[in-house]
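Visitor: I would like to learn how to read helix packing and salt bridges in a model. Could you walk me through them?

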Amino acid sequence: MNFKKSSRSSIFYVYRVILLLFVLILFALPVGFWWFAHSSLPQYEGIARHSSLFKEVEVLSDWRDVPYIKALSEPDMYRAQGYWTATRRLFQLDMLRRISSGTLSEVYGSRCLAQDKLIRQLGFRRLAQKELKAMSTEARNCLEDYSAGINGYLDSNEYKNPLECSLLLYKPRKWSPVDTICLMKYLEYLTNESWSLDDLRQKVVDKAGADVATELFGQRLVKSAFLEDDLERIRLACGPEQGLVSDSVKSIAQGLKLGLLSPPGYGSNGWVVSGDRTDSKGGILAFDRHSNFMDPNLWYVISLSCPKLKLSGVTIPGVPGILFGRNSQIAWGATAYKVDDQDLYVEQFSEEFPDKYKTKEGWDLVDTKIEEIPCRDVLGFNKDVYRYKVQVTSHGPILLSSGNSAVSLKWIGENQKLPSFETYYKIARATDWEGFRKALKDYDGTAQTFLFADREGGVGLQVAGAIPERLTSALSTTYKAGQLLPGWTGQADWRGNASFDSLPSFFKPQEGFLVASSKLYQGESLESSPYPVSRITSALEGYVNASRKVGLPDMANLQGDEFAAIHNLFKETVMAAVAKNEVVDQYQVSFVKRMESWNGELSSDSYIASVYEAFLRNLARRMLVPKIEDALTRQYMSRWPRWTVFVERFLREKNEDWLPPEERTFETFIITTLSQSIADVRLASESDDITDWKWGKIHTATFENIIFHGLGGFSNSLGWLVNPPVTGVGGDGDTVSACNLSEYVSREKFTSSVGPTTRVLIDMSDSDKYYETQPMGQGGHLFSEYRTDQLDSWLKKKPLLVPCSDKEAMRQQRNKMVLTP
């Protein structure tokens, strides 16, 4: 008996030990991961050694980790900036490089191979290497100093591998000047949406005809006369498996969707007010940049100081200095200037000599390159190398081949002479309007509207960049219906770019203000939503007419404006329809009664705004789906930023040709659409209480971490672990503070994917009147206290002061680092 008792005790003891070990392991795993994660956080204060420096550099950081870098020389200033960027944003820095150079497969494996192949076809790195050779010595030295700063951190004893890199089992390689140029070309390409919009127009023409397309796009769409003789040859050239022209374009469009997360056309805002119209007598610059919501944010803010140069502004990881902001004498910003700067060509190849293609002069040899793409295996330990053939014609890279024919893409970045960084480097050293224009004269990147303000109160606007001029006048005055152009005739070729002197240029306007707008230049302008520019212009005109001086608070309010574009028309239309029809639904009755006092604000706490947005969306869908079907309707409403203009025109004209088949009168169409919209909002908010239908509850933005760029659908299952919390936002694609409505998925989904990812306010009357706000924060580490600390201020549209001088930097100082050689 004693033996059995002793045996049972021993077994029980073993079980207790095993249980204890299991509990310890369960406890140790999260504690160990917490320690491992926090050990990779950057150093915020103290002394750090940096081998690339020549002399000591001070870095003062404020309460949101905005650095004020004070160096004794310009090279050390950029080297310290590179060091700081690497400590905060190294994983993002490396991901942007991999995306733009086509090397994601080296980390994520074959799931990214298709995207890497496409990027190699577009050839951003190939073009960057060519442009680097044409740079000035000064600008190139700046890139080399910045690269030395990043690489100095990678080689230092203070180096900490980013948490994401450790989880993915790799260490970033060293940075080089070509990486910066390549990254900037990629980001510029994302703003070039013209061929994608051409594709959309073509699909609508093919589906419903030119008359319907003209109604939807607001411009007469016709086939260019010179193409008529070639259309059938193009269709035959595309091959029997491709079918019609639109099918070829569709296959390319699907390929270009792989990872190229381009905003669908919602432009940024920008304006300047001259000193004689401001309360401080200094010129005021206000602008924002719209891009996809992401984590970390694309932008970060920085101040740089050395004896010969002082800069404060915003830039992106990988780009030294600042892109937009101010120096001691001037301030500048820019918004995208949307023009048709892309074309697709059909190329005819020889059957006997596959490397030769037909041109107007005869047969030419295609430029063939073999790209080597490293690709990780499934286990992540070994790497294969895929060899991929890239061909480039005189028009541009081949995107699609079929038999003896191929489709090539021509875009302005293919023939750019100088990298865009050269221009930004020169702008940072300009001290007046003439110096500013001189810096822009050689800029031939993506067209932008550049805004200017100086300390004397002067303001200006200059459009600059590559705006193609085509040989055939028909192409420059109408949008093409057949988007594939014959590459062998030479008739559809470009003859060059519009000259700098022919582009819009204004300085010291009589009105006292200037607003960035694509209507300034009469070319192939790709319109953004007209409502934000109209709202901004009306507000500024109101100040002028009232003889009221404006200040930064007024400009901040205007930047955060969420006034609904057609709210008065919406209210009038619904009230008139209700007056002619008996409404008995309790939800409709309650909504109409409350709607009367609505001021038109699409704030996140407005419940009327939710029904307004659902109404516009449902009205458009009910008209469009019978004409162009559901899939194309979704594309139209997500990619064409002026679809609200079409809805507004219908509400004003009451054209019954657009009524869906089930409706007989305009008024009943309005009532049934309102009923459906209320039902959608009830479903989305999961509430029957009208006061719970808040716009910010259903209109939500997800800031997806950049680690998921190579992990595809894993964001749906793992996003809750990594991504910041989903955030409710106000506005829509037509407000000044434009947080768009993403592509329609289902009745209850009202998500947003694009918005103002940096807002900048500068008053040149004072060296420290510079304010900036962004939706996330300066930090890129998953556990950084600075990762999302600015979100609340961004949601409240609260400008945050940026230290621009030694005095202000010391006043706001929270941390101090000293970098020593």
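**Reading a helix pair and some salt bridges**

Guide: Happy to! In this predicted model, helix 20 and helix 21 cross in a right-handed way.

Visitor: How is a pair of packed helices described in general?

Guide: Two packed helices are described by the angle between their axes and the distance between the axes. Here, helix 20 (residues 607-639) packs on helix 21 (residues 643-653) at about 135 degrees, and their axes are 10 Å apart. That angle makes helix 20 oblique to helix 21, because roughly antiparallel would need an angle over 145 degrees.

Visitor: Which residues of helix 20 and helix 21 make the contact?

Guide: From helix 20 come Leu616, Arg617, Leu619, Ala620, Met623, Leu624, Tyr636 and Met637. Helix 21 brings Trp643, Thr644, Phe646, Val647, Phe650 and Leu651. Sorted by class, this contact has 12 nonpolar, 1 polar and 1 charged residues.

Visitor: Now to charges. How many salt bridges does a search of the whole structure find?

Guide: The search finds 42 salt bridges. In one of them, the side chains of Arg79 and Asp145 meet at 3.0 Å, N to O. This pair links distant parts of the chain: Arg79 belongs to helix 2 (residues 74-101) and Asp145 to helix 6 (residues 137-155), 66 residues apart.

Visitor: Are Arg79 and Asp145 buried or exposed?

Guide: The cut-off to keep in mind is that buried means under 20% relative accessible area. Arg79 has 14%, so Arg79 counts as buried. Asp145 has 11%, so Asp145 is buried too.

Visitor: Where do Asp94 and Arg98 lie?

Guide: Both lie in helix 2, 4 residues apart, which is about one turn of the helix. Asp94 and Arg98 form a salt bridge whose closest N and O atoms are 2.9 Å apart. Asp94 is buried at 1% relative accessible area, and Arg98 is buried at 3%.

Visitor: What about Glu372 and Arg387, which also form a salt bridge?

Guide: Their closest N and O atoms are 3.3 Å apart. The pair joins distant parts of the chain, with Glu372 in strand 15 (residues 367-376) and Arg387 in strand 16 (residues 383-392), 15 residues apart. Glu372 is partly exposed at 45% relative accessible area, whereas Arg387, at 59%, counts as exposed.

Visitor: And which residues do salt bridges that share partners join into one network?

Guide: That network holds Asp94, Arg97, Arg98, Glu106, Arg125, Arg173, Asp179 and Lys383.

Definitions and conventions:
Residues numbered from 1 in each chain as written. Predicted model: local features only at pLDDT ≥ 70, side-chain atom pairs only at ≥ 80, totals over all residues. Heavy atoms only, no water. Axes fitted to C-alpha atoms, helices over the stretch in contact; angles between N-to-C directions. Helix = DSSP H or I, 4+ residues; strand = E, 2+ residues; numbered from the N terminus. Parallel < 35°, antiparallel > 145°, perpendicular 65-115°, else oblique. Left-handed = near helix turned anticlockwise from the far one by under 90°. Contact = heavy atoms within 4.5 Å. Nonpolar A, V, L, I, M, F, W, Y, C, P; charged D, E, K, R; others polar. Salt bridge = Lys/Arg side-chain N within 4 Å of Asp/Glu carboxyl O. Buried < 20%, exposed > 50% of the residue type's maximum accessible area, 1.4 Å probe, protein only.
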